[in-house]
Amino acid sequence: MKPSLFLCLVLAICSCPVPAHAESPADMISSYRVRNGEGRVVMDSTLTRIAHEQAAAMAAKDRLDHDVLGGFNSRVNSAGAGRAAENIAYGYDSFPKTLNQWIDSSGHRKNLLLRGASRVGIASVKSATTGRTYWAMEIAGDYERPKLNRAAKQVAVAKPKPRAKEACRLKILSICL
């Protein structure tokens with residue numbers, strides 16, 4: 001190879017732009033949320049675990065279903081959030097495609113823009129049977145609010161008992177004596 005040709009090849013390779021660091025799913029969701037007046041979210045290991053369990057269960061049963069592992073509230077309770085939501089999907093080979101599908105759906109979009117959300121967990125698992133990729137996203141917030149246990153809630157909302165009527169010993173003209 002001629003030195004001038006080698007030099008041109010090296011210059012061409014070095015002058016090519018370096019691909020930008022790909023955004024994480026949390027960054028992509030945060031960008032969408034900020035554009036729509038909501039706060040940023042960060043990845044959360046507990047929510048990611050919950051999302052992975054959901055995606056794995058859907059992939060194992062090859063069924064898109066929020067309740068494949070049981071009710072949402074019982075599954076997300078361990079995250080300790082005051083409020084949470086879940087988006088699921090299948091068939092998309094990348095998170096950007098999945099996110100765009102969620103943005104285009106009013107119910108999923110509402111979850112992405114959950115007011116007060118600060119944490120997110122995202123996972124995907126491929127079905128061994130069909131090769132479909134199942135996605136789950138858990139988004140949550142209101143971690144600052146103190147949680148009341150059931151007994152405390154009942155005490156907080158308990159109404160005072162009405163005073164018991166005293167028994168009359170003697171009643172004259174509707175007056176108790």
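1. Does tryptophan 102 count as buried or exposed? Tryptophan 102 counts as buried, because its relative accessibility is 0%. Buried means under 20% relative accessible area, exposed over 50%, and partly exposed in between (1.4 Å probe, protein chains only).

2. A word on the model. It is predicted, so local features need pLDDT of at least 70 and side-chain atom pairs count only at pLDDT 80 or more, while totals for chains, interfaces and linings use all residues. Residues are numbered from 1 along each chain as its sequence is written, and side-chain values use heavy atoms, with hydrogens and water left out.

3. Now the aromatic pairs. Rings of Phe, Tyr and Trp (its six-membered ring) pair if their centres lie within 6.5 Å; planes under 30 degrees apart are stacked, over 60 edge-to-face, and the rest tilted. The count is three pairs. Tyrosine 90 and tyrosine 134 are stacked, because their centres are 5.5 Å apart and their planes are at 25°.

4. Tyrosine 90 is partly exposed, at 35% relative accessibility. Tyrosine 134 is buried, at 0% relative accessible area.

5. Phenylalanine 95 and tryptophan 102 pair edge-to-face, with 6.1 Å centre to centre and 70° between the planes. Phenylalanine 95 is buried too, with a relative accessible area of 6%. Ring pairs link Phe95, Trp102 and Trp135 into a cluster.

6. The charged end of arginine 119 sits over the ring of tyrosine 143, 3.6 Å from its centre. The rule asks for NZ of Lys or CZ of Arg within 6 Å of the ring centre and within 35 degrees of the ring normal.
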